[in-house]
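Subject: Structure handover and notes

Hello,

Here is the structure I promised to pass on. Please look it over, then read my notes below.

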Number of protein chains: 2
Amino acid sequence: MQKYADMTREQLQEEAARLRQIYQEYQGKGLKLDMSRGKPSSEQLDLGMDLLNAIDAKSLMEAENGLDTRNYGGMDGIPEAKRLMAEMMEVRPEQVIVCGNSSLNTMYDMVARGMLLGYLGQTPWCKLDSVKFLCPVPGYDRHFAVTEHFGIEMINVPMTEEGPDMDLVERLVAEDASIKGIWCVPKYSNPQGVVYSDETVRRMARLKPAAADFRIFWDNAYAVHHLYGPENGRLLNILDECEQAGNPDMVFEFASTSKVSFAGAGISAIAASEANLADIKKSLTIQTIGFDKVNQLRHVRYFKDGAGIAAHMEKHAKLLRPRFELVLRTLERDLSGLGVGSWISPKGGYFITFEALEGCATRIVALAKEAGVVLTPAGAPFPYGKDPKDSVIRIAPSYPTTEDLQQAADIFTVCVRLASIEKLL
Amino acid sequence: MQKYADMTREQLQEEAARLRQIYQEYQGKGLKLDMSRGKPSSEQLDLGMDLLNAIDAKSLMEAENGLDTRNYGGMDGIPEAKRLMAEMMEVRPEQVIVCGNSSLNTMYDMVARGMLLGYLGQTPWCKLDSVKFLCPVPGYDRHFAVTEHFGIEMINVPMTEEGPDMDLVERLVAEDASIKGIWCVPKYSNPQGVVYSDETVRRMARLKPAAADFRIFWDNAYAVHHLYGPENGRLLNILDECEQAGNPDMVFEFASTSKVSFAGAGISAIAASEANLADIKKSLTIQTIGFDKVNQLRHVRYFKDGAGIAAHMEKHAKLLRPRFELVLRTLERDLSGLGVGSWISPKGGYFITFEALEGCATRIVALAKEAGVVLTPAGAPFPYGKDPKDSVIRIAPSYPTTEDLQQAADIFTVCVRLASIEKLL
């Protein structure tokens, strides 16, 4: 196909007229399609029904250390759940605290602890005039929402194909002691699907921050969420790397089974150094009577171990792959060669990122909406919802049926082309 | 029996010698008994096993509003769980947010919100020089631990048979704008078992605090935890009373099923005014992807409604009553008439409070420990662990078997008598 930029004004106008006709046909259909939500489909959730069904209740009562899971106590998780989550996160069980059903909540709590209590005896951030976080962009909107909620200033750091721009990260954390954290989704990053390179992980672990209480918030949300097998998702162990670099306390790692078992009823975990864990437990003892240990044991009984999780994730991949490939095929079919944007083919995670011509993302999302396709709001993957180039669109193919998804993708490419021509004209 | 205070020195010494012999016999047995923990026994937990057993998994998948409980969303709880918790708390479903497995965590979060975010647009407490809470004493140690954790100054308010000393509460909150909250366990109070009188609840609701962001933390932990039926636990509805008094936003009410279903795997809730709920939801949306809705629906399927909960609580009472009566009988048998302390016969809740002679509590707890009986540390029911009179001991009869409990109670009364004689001599 010919590049739009190489077309004459007349050719573009003709193309626009043709596209508008197609677009209006879609509009007439009164569709209600949604590619905005990075959540599992019902079929994916059905994969885990035996978690609720097939486990003998008697086997859920007692943890291997004799603790009655139904009673109070066991504030940092039952041992076998620590092992399970450790295998998933590729860390050691003694580095793990098993938490409740939401790793977002676990991260929120960790930021709140930084704000209110301070890490390892450091000044609580709420007592400081300025607190900042580095935010690799595009990134996960709910990370940015947490830091914004607490009034923490967010600084954009561009993502590269290897992870965040480490030159910039190194310089910023070294020179500014008010920078207290960085949000990272190191494997199949939200939304681009980037896996941090070994070099990136090592440089991250060797940071020399001006702030003693600087922390890497390592949200390993897609630790086992491969689309094409684990070999594409190889990631260095940040806890080991930090330890080797003499920065054992500089990282908190998070994960959950939200997209393994159930998005609403899974278990989450945090992994950290011995000193950090002791610090967290001190505050957990005050905060809660312990997380849901019956649900922890339920997960252990069902998945058994890391291999059990891996086998289960292959079933998820079987449902997700066709959806991702359908969207990518449609982008290729309709947009390739037009010079109206680019996209990445992720090897795991939950999103496809489309990068439109500068200034077009908001318009594309609006056009799609008027034709019945809900997309994540333009700007969402950026702090304060502001995409400086207004070009990034996050596509979430997991939730719709393949029929709906095909129609949504067809409409999306029409909207991209229309918005691009509007810009070029 | 003769009052110890009326005995001669010689009589007391003789009594002490006799008791020391009994005490040493107990010591020789190498017992390991525990009356410290206000937690349900295994038999109580077994009452709820059908929650894990007998509910068809398919019936756990979908809430009545069509929400897939297994997926993200429904951040404030599914409608039928709101109804269930509302019936338990005697409030309206629209006043309820259903939360996770720990109401302590829900309370911690609310105090943390006051600290970090401020209620309804008020200044976050972490920005103030001084923040204080009123603490009716004796009270619940874990309430006091939360406020201490956040550096909030705690002021003791004596409990009466009708609830906290309201003359003092009224005066303090009216004159000091740094007083931001009061901890209350209004029904079967921890540890005394006091049910707040109508007069107390009304005066509480009509408080005229100097601080606009003053809140009553109404921990209705024992809302349905009657030992002798609900008529002993009649409590005015604080939300209604606050509304009528023109203070609709002044109260947060909390409850959980920890001692109804499972202490580790129940559900909790907060009830509050419309404005407060909107404020909380704003922050919940940032904090979490929603609480465990599968577990919420599991509780609804099992208990069905308030009547179902009441029937279930009668089974708990059947197990708890003999334990309470055993301890009370033993206190009566061994201590009545000696003038060595007093106790209350609670009509619900989880504790019996023994009030020893001034200065004797620490000694009694130590003596018991050396004879193999663990009691809650003296001072625990007071802020900073300091009982000004060193006289209150919290006895928790729920967890041990009746055999163990009888032995522990026998030892306890010996320790009380020994410590009392030591003081009198």
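One term first: two residues are in contact if their C-beta atoms, placed from the backbone, lie within 7 Å. Please also keep in mind that this is a predicted model.

**Where the chains meet**

Start with the helix pair H5(A) and H5(B). Ala112(A), Met115(A) and Leu116(A) in H5(A) meet Ala112(B), Met115(B) and Leu116(B) in H5(B). By class, this contact has 6 nonpolar residues, with no polar and no charged ones. Each of the two helices covers residues 103-116, in chain A and in chain B. Their axes lie 11 Å apart and the packing angle is about 50°. The crossing of H5(A) past H5(B) is left-handed.

Now the whole contact between the chains. Chain A puts in 43 residues, and chain B puts in 43 residues. On the side of chain A that touches chain B, the elements giving two or more residues are helices H2 (42-46), H3 (50-53), H5 (103-116), H6 (141-149), H10 (274-287) and H11 (293-303). H5(A) gives the most, with 6 residues. The residues on that side of chain A divide into 23 nonpolar, 15 polar and 5 charged.

How are the two copies related? Chain A can be laid on chain B by a turn of 180° and a shift of 0.0 Å along the axis, with an RMSD of 0.0 Å. The copies are thus related as by a two-fold rotation axis. Which residue of chain A comes closest to the rotation axis? That is Cys126(A), with its C-alpha at 3.3 Å. The copies meet through the same surface, because 100% of the interface residues of chain A are also interface residues in chain B.

**Two residues in chain A**

Ile286(A) sits in helix H10 of chain A. Leaving aside neighbours within four places in sequence, Ile286(A) is in contact with Tyr108(B), Ala145(B), Val146(B) and His149(B). Ile286(A) counts as partly exposed, because it has 18 C-beta neighbours inside 10 Å.

Arg301(A) belongs to helix H11 of chain A. Arg301(A) is partly exposed too, with 16 other C-beta atoms within 10 Å. Not counting residues up to four places away in sequence, Arg301(A) touches Ile55(A), Ser59(A) and Leu60(A). Gly233(A) is 68 residues from Arg301(A) along the chain, and the C-alpha atoms of the two are separated by 26 Å.

**A covered helix in chain B**

Is helix H4 of chain B mostly covered or mostly uncovered? H4(B) runs over residues 79-89 and is mostly covered, with 10 of its 11 residues buried. Among the buried residues are Glu80(B), Lys82(B), Arg83(B) and Glu87(B). Leu84(B), Met85(B), Met88(B) and Met89(B) are buried in H4(B) as well. The cover over these residues includes strands E2 (96-99), E8 (251-256) and E9 (268-271) of chain B, along with helices H11 (293-303) and H12 (306-335) of chain B. After H4(B) comes Glu90(B), which has a positive phi near 55°.

**Backbone points to check**

Two cis peptide bonds deserve a look.

- Asn190(A) to Pro191(A) is cis, with omega near 5°. Pro191(A) is in the loop between strand E6 (179-184) and helix H8 (198-205) of chain A.
- Val137(B) to Pro138(B) is cis, with omega near -5°. Pro138(B) is in the loop between strand E3 (132-137) and helix H6 (141-149) of chain B.

Next, positive phi outside glycine.

- Leu120(B) is not a glycine, yet its phi is positive at about 45°. Leu120(B) lies in the loop between H5 and E3 of chain B. Leu120(B) counts as exposed, because it has 12 C-beta neighbours inside 10 Å.
- Asp390(B), also a residue other than glycine, has a positive phi near 45°. Asp390(B) lies in the loop between strand E12 (373-374) and strand E13 (392-395) of chain B. Asp390(B) is buried, with 20 other C-beta atoms within 10 Å.

Over to you.

Best wishes

Key:
Residues are numbered from 1 along each chain as its sequence is written. Chains are lettered from A and ligands numbered from 1 in the order in which they are written. This is a predicted model: local features need pLDDT of at least 70, side-chain atom pairs count only at pLDDT 80 or more; totals for chains, interfaces and linings use all residues. Helices (H or I, at least four residues) and strands (E, at least two) are DSSP runs, numbered from the N terminus. Ala, Val, Leu, Ile, Met, Phe, Trp, Tyr, Cys and Pro count as nonpolar, Asp, Glu, Lys and Arg as charged, and the others, Gly among them, as polar. Copies are superposed by least squares on the C-alpha atoms of residues with pLDDT of at least 70 in both. Axes are lines fitted to C-alpha atoms, for helices over the stretch in contact, and angles run from 0 to 180 degrees between N-to-C directions. A crossing is left-handed if the near helix is turned anticlockwise from the far one by less than a right angle, and right-handed if clockwise.
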